[in-house]
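Here is a brief report on salt bridges, cavities, surface and backbone. Please look at the sequence and the structure before reading on.

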Amino acid sequence: MKKTYNINIAGSVFTIDDDAYTLLNDYLETLQHVFHNTDNEEIIPDIENRIAEIFTIKVTEGKSVITLDDVESVISRIGKPEELVEVDGTETVMVDENGNITEEENIEAGKKTVPPPYTGPQPEQVKKKLFRDSKEGMIGGVCAGLSKFLDFDVTWIRLIAVGLLLLSIPIDHLSILTLPIVYIILWIVLPDASTPLQRMQMKGDVPTLSNIGKSVTGMFRQSQSKSNPYGYDSDNEKKDKRIADEIAGFFGSVGKICLAILLVMAIVLEVAMIVGFLGCVFGLVLLSTAWGSDLFGIPSLMDNYSYNQWLLGLLMAIGYIVTFGIPLYCVIVLVLSKNRKNFGTVTKIVMSIFWIMAFVLAAVCTGLFISNEENRDEYWRHKYEQESKTEILYEDNENEYNEDIYESVDSIETTQAKDTVVKAQLTVITPRAEKAKEAKAKAAKAKTDKKFKAEKTKAEKTKAEKAKAVKAAAAPADTVKTK
Amino acid sequence: MNSEINESNIKSQMRKGVLEYCILLVLKDSRCYVSDIIERLREADLIVVEGTLYTLLNRLRKEEKLTYEWEESPKGPPRKYYKITPVGEEVLGFMSEAWDEISNSISHFRNLDNSNRTTTEETTCSTEEQ
């Protein structure tokens, strides 16, 4: 049993086996190389038209699905790519950095050509170019590409890489992040060897068109024999890589870092699940504390913190839930579920936007929350120090000034002058002791008031006595008169 | 392996020269679709793959020796039917002349060879009297 695809050639729709599709796709891509000249732009549509026609005939003859045999017969009818090149087949393809074919005057099919001057035996191999090999790699194909470039076995390179990772445990100066970061950088920087031409460059085969053409059909046969006859596993493996590359390619470099971080963690899949799960739980607990509950000893946000902190805590909680929840959800749906759904483009965009927002939100709120807490502690500590200092000052000064006030009060008559003297005394004190100053002034004033009152009553007393005396003196005078 | 390539190379090199001529001949009196042309060529023992034909037809059209028109077909997508142009007919004339000339030259050499065979002697190319 095989998977099928629905394809559209020249406006007609066909159902085609997946291996037949791969071969057909590679063939058409190679033809693009052969006929890339602008003069030949009508040829590929003509060929596609012809292919559509051949397929239509097969369908009307009773076949419902296009198989590998059908595609192979089409290729032999229309011609293998090397047959369509009207030179002796040793012409080398000139490629620029992007892998696009540049100058090629001699390779226009159909023209009579003068063979190029013989420059000596053609090299068996040209210099290899370093690519990523995502078809044979496990995560992003970095190790696989390196192995092709260096001619080492893939497994050895992977072992060395993992060894580097583990060496960071005993060695102090080697961080455990070195390998993941290097891997991610290589993943972003190295191009993927997807087209047949790139695959040849990676292996170092001379990229003549005849070689490319042979590689298309030859390579296909090779991969056929390698793969599992039941086909299921290799499909899923391919799909994993396609998903990873699709998502990574779509998000761009930044997304690749995030995705790569996620995937590197997901080598041990359970770790990613656990982290995501714990992160969500933490976020939920935080959220519940915002509503006044008291879980796991985390103090309730609502009761114990100021309003600002409560708000920050709430936003933090939401941020954490989404930041951990989205990757968790992705991992669950893409990797673990039986149906293996693939996300639509819109979903991807929306999820990545939300993830970035939530991540920033969580980070910012956490930072603000913690700094607010620290500021608050700082503030109370500061205040406590202040108060304790002022108390000390107050006690010392009190003893000092008591005597001073008494002395100056005695030597000066008027109460006003006394007040000014007291005040003058008090202005010597440093600004810190404002409160103490006021307290002292009050105390001083109270004392002078007391004294004043005492004097006043004294004066009144004497006055009253005088008045009495006057009255008494007047009284006998009256009694004398009446006699 | 090398000699194999050379043999098919020789044939294909020779065919390349005459293929254009053959196509113009086929289209001289009728309008044909690509697979018709291939069929005709096969009848004449001239086997080519369709892809070669597509490129050749494309070039001839660019050189205005041929033209095409679309026709709906019950068997699938619409088809291009090729036919010869006046320019093409003129070129065909030249080609026929050229062919006759070359063919004569070759026949001349071959006849010479044939006539010499009867003596069963190896002849030298020198014109010196023995």
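## Salt bridges

Glu20(B) and Arg59(B) form a salt bridge, with the closest N and O atoms 3.1 Å apart. Glu20(B) lies in helix H1 (residues 2–26) of chain B and Arg59(B) in helix H3 of chain B, so the pair ties together parts that are 39 residues apart in sequence. Both Glu20(B) and Arg59(B) are buried.

This is a predicted model, in which local features need pLDDT of at least 70, side-chain atom pairs count only at pLDDT 80 or more, and totals for chains, interfaces and linings use all residues. Residues are numbered from 1 along each chain as its sequence is written, chains are lettered from A and ligands numbered from 1 in the order in which they are written, and side-chain values use heavy atoms, with hydrogens and water left out.

A salt bridge here is a side-chain nitrogen of Lys or Arg within 4 Å of a carboxyl oxygen of Asp or Glu. Over all chains, the structure holds 19 salt bridges. Buried means under 20% relative accessible area, exposed over 50%, and partly exposed in between (1.4 Å probe, protein chains only). Helices (H or I, at least four residues) and strands (E, at least two) are DSSP runs, numbered from the N terminus.

| Salt bridge | Closest N to O |
|---|---|
| Glu20(B) and Arg59(B) | 3.1 Å |
| Glu42(A) and Arg61(B) | 3.1 Å |

What does the bridge between Glu42(A) and Arg61(B) join? Glu42(A) lies in the loop between helix H1 (18–34) and H2 of chain A and Arg61(B) in helix H3 of chain B, so the pair joins two chains. Glu42(A) is partly exposed, at 23% relative accessible area. A salt-bridge network links Glu42(A), Asp46(A), Arg61(B) and Lys80(B).

Glu53(A) and Arg50(A) are three residues apart in helix H2 of chain A, so about one helical turn separates them. Glu53(A) is buried at 1% relative accessibility. Arg50(A) is buried too, at 6%.

## Cavities

A cavity is a set of points on a 1 Å grid over the protein atoms alone where a 1.4 Å probe fits but cannot get out; lining residues have an atom within 4 Å of a point. Three cavities of 30 Å³ or more are counted. The largest cavity has a volume of about 120 Å³. It is lined by 13 residues, and the closest to its centre are Asp46(A), Asn49(A), Tyr33(B), Arg79(B) and Lys80(B). Helix H2 (43–60) of chain A and strand S3 (76–84) of chain B are the elements that give two or more residues to this lining. S3(B) supplies the largest share, five residues.

## Surface and backbone

Val346(A), Ile349(A), Val350(A), Ile353(A), Phe354(A) and Met357(A) make a nonpolar surface patch of about 550 Å². Patch residues have over 30% relative accessible area and no salt bridge, and nonpolar side chains are joined within 5 Å. Val350(A) sits in helix H13 (residues 345–411) of chain A. Val350(A) is partly exposed, at 37% relative accessible area.

Most residues other than glycine have a negative phi. Asp151(A) is not a glycine, yet has a positive phi of about 65 degrees. Asp151(A) lies in the loop between helix H4 (142–150) and helix H5 (154–167) of chain A. Asp151(A) is exposed, at 62% relative accessible area.

Notes
1 Å grid on protein atoms, 1.4 Å probe; cavity = no way out; pocket = protein on both sides within 12 Å on 5 of 7 lines; lining within 4 Å. Points joined across faces, edges and corners; volume = space filled by probe spheres on them. Patch = residues over 30% accessible without salt bridge, like charges linked within 9 Å, V, L, I, M, F, W, Y side chains within 5 Å. Areas by Shrake-Rupley, 256 points an atom, 1.4 Å probe, with all protein chains shown as cover.
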